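Dear colleague,

I am handing over a structure for your study. Please look through the sequence and the model below before reading the notes that come after them.

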Amino acid sequence: MATIERARAGDLPAVEALLGSAGLPLDGVAEAFVSGVVARAGGRIVGCAAVELHGHAALVRSVAVDPVERGHGLGSALVAAVEGLARDGGALEAYLLTETAEGWFPRFGYAPIARTDAEPAIGASVEFTSACTESCATFRRSLD
C-alpha cells in the first residue's frame with residue numbers, strides 16, 4: 001500500500017524518472033515540486049503530483065503513477081492531495097493541461113475550456129508557455 005507525503009528535494013531524480021517514463025514534460029518540474037507530493041511504496045516513489053500557485057489560481061501538473069500501481073485509486077489520491085495544497089495556499093480554482101488523460105480528469109470535476117480562457121497568470125506559466133504544446137487539452141475546476 002502506498003502512502004502519500006510531501007515531496008522532498010531528494011525525491012527529484014525519482015520524480016523526473018517517473019515523469020519521463022510516463023512521457024510527461026520535465027520543464028519547471030524542480031520548481032513545481034516545491035508544492036508537490038509523492039506516493040511511496042516499498043521504499044520507492046510510485047506516484048507524484050505537483051501544484052503551482054498563481055494567486056487565486058492553481059496549476060495541477062506532473063500527475064503520474066507507476067503502471068504497476070494503477071487502478072487502485074492512487075492517482076485520485078494524488079490529485080486530491082495537491083488540490084488540498086492549492087486550497088491551503090488560497091487557490092479558488094485549478095487548471096491543468098493534458099495530452100493523455102482527457103477522459104480521466106473530468107471525474108474530479110475538471111471541465112474542458114479553451115486554452116485562451118485560462119487565468120492569465122496560469123497562461124504565463126512554464127507549463128503553458130513551453131512544456132505543453134498547443135495540442136494539449138486545457139481543463140478548469142472550482143476548488144470552493
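The notes below treat the sheet, the helices on it and the charged side chains in turn.

The model is predicted: local features need pLDDT of at least 70, side-chain atom pairs count only at pLDDT 80 or more, and totals for chains, interfaces and linings use all residues. Residues are numbered from 1 along each chain as its sequence is written, and side-chain values use heavy atoms, with hydrogens and water left out.

**The sheet**

Seven strands form an open sheet with mixed pairing, in the order E1-E2-E3-E4-E5-E7-E6. Helices (H or I, at least four residues) and strands (E, at least two) are DSSP runs, numbered from the N terminus; two strands pair if DSSP finds at least two bridges between them. The edges are held by strand E1 (3-6) and strand E6 (111-113); each has a single partner strand, so one side of each is left without a neighbour in the sheet. On average, neighbouring strands of this sheet are turned by 30° against each other, direction ignored. Axes here are lines fitted to C-alpha atoms, for helices over the stretch in contact, and angles run from 0 to 180 degrees between N-to-C directions.

Strand E2 (residues 36-41) and strand E3 (residues 44-54) run antiparallel and are joined by six bridges. Within this pair, glycine 36 has alanine 50 of E3 as its bridge partner.

**The helices**

Helix H1 (residues 12-21) packs on the sheet and touches E2, E3 and strand E4 (57-65), where contact means heavy atoms within 4.5 Å. The direction of H1 makes about 90° with that of E3. Helix H3 (residues 74-88) lies across E1, E2, E3, E4 and strand E7 (137-142), and runs at about 30° to E3.

**The charged side chains**

A search of the whole structure finds seven salt bridges. A salt bridge is a side-chain nitrogen of Lys or Arg within 4 Å of a carboxyl oxygen of Asp or Glu.

Which residues are linked in a network of salt bridges? They are Glu5, Arg8, Asp11 and Arg40. Arginine 8 bonds in this way with glutamate 5, their closest N and O atoms being 2.9 Å apart. Glutamate 5 also meets arginine 40 in a salt bridge (2.5 Å, N to O). Glutamate 5 lies in strand E1 and arginine 40 in strand E2, so this pair ties together parts that are 35 residues apart in sequence.

Is arginine 40 buried or exposed? Its relative accessibility is 16%, so it counts as buried, while glutamate 5 is partly exposed at 27%. Buried means under 20% relative accessible area, exposed over 50%, and partly exposed in between (1.4 Å probe, protein chains only).

Another salt bridge joins the side chains of arginine 141 and glutamate 83 (3.8 Å, N to O). Arginine 141 lies in strand E7 and glutamate 83 in helix H3, so the pair ties together parts that are 58 residues apart in sequence. Arginine 141 is buried, with a relative accessible area of 18%, and glutamate 83 is buried at 6%.

Yours sincerely
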